[in-house]
Amino acid sequence: MWKFPDPIGWIPPGDAGQALMRFIIASLNLEDAQKTAHIFREILEPYKNNLGWHFKCLMLLAKFFPHGFNALFRIGTSLFFEKRFMAANGDTGIVLAVSRTSRQGLKTNFDILGEAVTSEKQAERYVQSYLALIRQLITCMPPHEISISLKPSAFYSQIQAAAPEHSAEVIAKRLEPIIALLKKIGGHAYLDAEESEMLEVQKLVFKILYLKYGSAVRFVLQAYLKSSFHTLKWLVSINNPDDPIHFRLVRGAYWDHECMRAERLNWDETPVYTDKDETDLMYHTLIWQGMRHGLVVNLGTHNIISIANSINSYISMRAWGFECSIPEFQMLHGMPGVKEFGKILCQKGYSVRIYSPVIYPEGETREGMAYLVRRILENQSQMSFLVQHSGTKMREAVGILQKIPARKDLPDIIKQIRIPKEAA
Amino acid sequence: MNTLHEFKNEPHLDWTNEENRNAMRNALQRVKGEFGKSYLIIIDGEWSLAKKSFYSFDPATCNPRINPHGFDPTRDIIGIAYTAGPNDIDRAVRVAEKIITEWRKLGVEKRAELLWRAAQIMRERKFELAAWLVYEVSKSWDEAISEVEEAIDFIELYVRESYFFFGEFPTASLKSEENILTAVPRGPTAAISTWNFPIALAVEKIAASLVCGCPVLFKPAEQAFVCGWMAVKCFLDAGVPPELIAYLPGGDEVGKALVTSRGIAQIAFTGSVEAGIAINLSAAQTPGKFGIKGFEPELGGNNAVIVCPSAVHDSAIRDILHSKFGFNGQKCSALQRLIFVGSPLDCTPRKICEGVIEAAKSLEYGHPENPAYRHTSLIDNDAYKKVLERIEALKCYANPCYEQMLKKVDRGYFVGPIIFDKIPPHLGFVQEEIFGPVLMIFYARSLEDAVLLANSTPNALTGGVFTELESEIEYAKQNIDVGNFYANRPITGAMVGRQPFGGFKFSGNGKKVGCPERLNFFLNQKTVTINRERYGALLK
């Protein structure tokens with residue numbers, strides 16, 4: 001059956017693709033159609049030989065019918081990119097997103113997108129937006145299933161690495177109403193990981209809130225950071241076994257930024273692994289060690305090997321007699337394979353949660369631009385080593401996933417291979 | 001000598017490392033314990049007192065417990081200095097003249113070794129030097145550490161480049177004639193530094209002069225002489241012969257005596273336009289033993305940033321804030337005039353303007369010993385009064401669209417951000433550098449008009465543009481009259497080696513610091529021609 005081709009594939013690799021991203025960023029703030037068309041031509045003209053027929057047509061349209069170009073481009077951007085990578089915009093969108101995912105047996109985690117916070121007014125607005133979002137979610141899903149993601153830097157415009165204690169104090173205070181509400185209704189919030197510069201702040205905010213609200217607040221750990229094992233040990237040191245720490249383990253989303261920043265600051269070493277294998281190794285080590293120490297490991301990955309490995313780790317840990325939980329799998333809305341992988345894992349009885357970036361309350365796409373650009377760039381090239389699947393790889397991945405044991409069979413498997421704990 | 005590696009900027013300190021934060025806290029504690037000491041005149045390695053003394057104060061605090069001198073009962077005295085008298089200056093000049101031949105003979109490698117040792121000492125004292133900056137000039141932790149790193153960069157760059165400058169370069173030669181271009185030191189330097197970068201710009205002048213074989217007579221800024229003394233100490237502790245650096249604190253009288261001294265070959269100066277012009281005049285009228293005095297000034301700026309419709313809003317807001325309110329606008333590279341292309345009702349000007357105002361409201365002011373505060377006090381009462389006077393004068397023409405209530409936190413010289421958006425662009429006050437947290441917003445119909453507006457002041461130091469269009473970047477790059485042009489980033493924070501710094505018009509003489517060419521100022525070029533022909537025979 002003919003399938004509409006993935007427009008991500010239309011974006012040319014390399015400089016031409018980056019030029020297109022540059023145009024998308026610039027065009028968002030332009031109101032004048034003529035100017036938009038002019039800028040399109042100016043930015044993409046040097047790459048016209050590398051562009052596909054779609055963009056060549058757009059180039060002609062921009063030259064002769066700027067208004068038509070403007071309308072078509074905006075519709076296209078909205079259909080192909082915003083709708084694909086942003087799960088919802090405003091109340092109605094949220095309700096639809098919840099119903100869409102729950103129909104498929106999936107859970108949702110909501111993250112409100114926005115421009116970088118530069119003022120306290122914006123930070124306060126974020127708090128209010130999240131409170132309103134939670135109230136909206138209560139009306140359309142079971143409260144205990146409500147899950148959100150919070151970026152620490154969105155809650156304090158004066159956040160800074162040299163004063164992590166102060167920054168954390170301000171952020172924790174600002175987040176308290178959100179976490180308290182979630183605690184009351186049984187929901188939870190993940191404290192998202194950002195640039196490595198903000199790691200200390202993230203840790204301190206988490207500590208303050210975890211000690212007060214337990215697992216209503218959850219951590220996000222980035223495996224590509226060279227300090228990630230140290231962070232895991234720190235999590236273990238503050239863990240309360242009666243209400244264990246949940247953390248989402250991701251590979252990390254700011255790899256290019258971290259490398260460029262290290263170069264700009266003249267650091268000999270980057271804070272992140274530059275070799276993909278090292279990141280993978282650390283990712284799997286963290287799964288293993290997290291489970292071994294009784295933390296609840298949830299995997300933010302689309303990597304099938306990691307998913308399979310985490311189930312193996314769980315089986316081994318239980319076989320050795322360690323108490324640990326079956327991981328939840330968390331995937332990004334709009335990324336390749338999410339539907340297919342989510343469906344298979346759900347059928348096998350595993351919990352799958354879709355990380356869903358939303359604009360809330362209803363607003364302009366510009367607010368999610370940084371996120372959108374990052375997703376498009378990740379999808380359309382090998383710029384970041386963290387993207388794995390496409391084409392035939394996808395079919396192989398689905399094949400592997402189908403071989404994973406169902407959740408209900410795990411106790412029998414564990415029973416068969418139970419070995420003394422000392423062997424661990 | 002070790003292999004000469006390529007110049008690389010000093011790695012910036014990682015504040016996420018707790019050890020670094022603790023080291024800074026400890027350094028602040030240690031430095032606090034040193035408050036109120038005397039920093040004597042240094043000539044020929046000897047320390048001496050003078051009759052007239054003066055003080056430097058912590059601009060961001062008051063503390064009645066340290067009040068032994070009755071000078072200003074409300075402030076922490078950071079240090080006491082003694083004004084170098086005419087005899088001191090004469091003696092310093094004589095010592096410098098005496099050592100010059102010896103220091104020149106030492107050769108570039110030995111000089112380099114000593115200066116590298118000084119850079120290493122600065123690395124070891126990084127936190128201590130930064131702590132002095134925190135207290136004496138009210139720099140935030142990060143600004144302070146960055147300044148020390150910049151100082152190290154200056155030494156590292158200049159020392160490397162000096163190997164090249166002291167080489168012998170063949171020019172067009174004949175069979176019978178060998179032609180070489182080489183360089184020799186000019187003579188003693190009067191280094192007159194400023195308070196806003198009291199370590200980095202002191203080290204810049206001292207290091208450039210010393211690697212070129214020229215002794216230095218250094219006058220630190222009156223408000224920040226302890227920082228200057230600490231910088232000099234690093235060179236002396238590294239083993240630089242004491243005859244080569246004189247530390248001569250004082251006010252205008254010391255500056256004037258140095259500038260007019262017959263034993264001075266060149267003057268490296270950072271400061272105001274008025275002082276720069278006066279020095280230029282005096283120096284020209286008082287040639288000395290080394291001939292006409294060289295003069296390289298780094299003066300003020302009245303810098304503009306142009307925002308085009310395609311600018312990315314959040315990053316533009318962040319960078320505008322940084323350019324304007326970093327170190328309270330007390331940098332010559334700081335932004336003063338923000339020019340939007342478009343009308344106030346257009347999307348980009350409206351949103352960025354709102355964003356800048358909201359962001360300015362959110363800035364937190366306090367004593368910089370607390371790392372939470374990136375925004376601190378102005379340097380002293382004179383600066384405080386001057387900024388307030390300018391604000392009042394501007395208010396005669398327009399009400400500010402945002403004004404944080406002027407306040408003195410803990411009786412420091414704190415002035416909150418003030419933004420004007422309806423000031424007539426050609427008003428006299430707009431043409432002047434305010435050197436404080438005052439931002440003026442203007443609108444232009446086109447990029448061409450915006451550039452004309454940007455160029456409408458007597459200064460030409462830094463400037464920038466925010467746009468996603470290469471054609472606009474190109475136009476601005478070609479047409480804005482500035483020494484340092486930036487696109488889509490803050491207009492402050494030039495890095496040694498990466499962004500050589502300096503302006504023209506009334507901002508400087510078009511020359512740069514932080515680049516190899518800076519060393520030319522301290523050198524005389526010498527052409528050597530050797531005839532090899534004798535009676536028609538070539539004799540090698």
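**View 1. B:Phe218 and B:Tyr247 are both buried.** Buried here means under 20% relative accessible area, with exposed over 50% and partly exposed in between, using a 1.4 Å probe and protein chains only. This is a predicted model, where local features need pLDDT of at least 70, side-chain atom pairs count only at pLDDT 80 or more, and totals for chains, interfaces and linings use all residues. Residues are numbered from 1 along each chain as its sequence is written, chains are lettered from A and ligands numbered from 1 in the order in which they are written, and side-chain values use heavy atoms, leaving out hydrogens and water.

View 2. Rings of Phe, Tyr and Trp (its six-membered ring) pair if their centres lie within 6.5 Å; planes under 30 degrees apart are stacked, over 60 edge-to-face, and the rest tilted. B:Phe218 and B:Tyr247 make a tilted pair, because their ring planes sit at 45°, with centres 6.3 Å apart. That pair ties together distant parts of the chain: B:Phe218 belongs to strand β9 (residues 216-219) of chain B and B:Tyr247 to strand β10 (residues 245-247) of chain B, 29 residues apart. Helices (H or I, at least four residues) and strands (E, at least two) are DSSP runs, numbered from the N terminus. Elsewhere, ring pairs join B:Phe35, B:Tyr39, B:Trp47, B:Trp132, B:Tyr135 and B:Trp229 into a cluster.

**View 3. Two charged side chains sit over rings.** The rule asks for NZ of Lys or CZ of Arg within 6 Å of the ring centre and within 35 degrees of the ring normal. B:Arg111 has its charged end over the ring of B:Phe166, 4.9 Å from the centre. Over the face of B:Phe197 you'll find B:Lys139, 3.7 Å from the ring centre.

View 4. B:Asn328 counts as buried, because its relative accessible area is 1%. A polar atom of the B:Asn328 side chain lies 3.4 Å from the backbone oxygen of B:Ser377. Leaving aside residues up to four places away in sequence, B:Asn328 touches several residues, including B:Tyr365, B:His375, B:Leu378 and B:Pro437; contact means heavy atoms within 4.5 Å.

**View 5. Three strands of chain B make an open, mixed sheet in the order β1-β5-β4.** Two strands pair if DSSP finds at least two bridges between them. β1 (37-39) and β4 (53-57) of chain B are the edges: each has a single partner strand, so one side of each lacks a neighbour in the sheet.

Technical notes
Polar contact = N/O pair within 3.5 Å; in protein donor to acceptor, adjacent residues only side chain to side chain.
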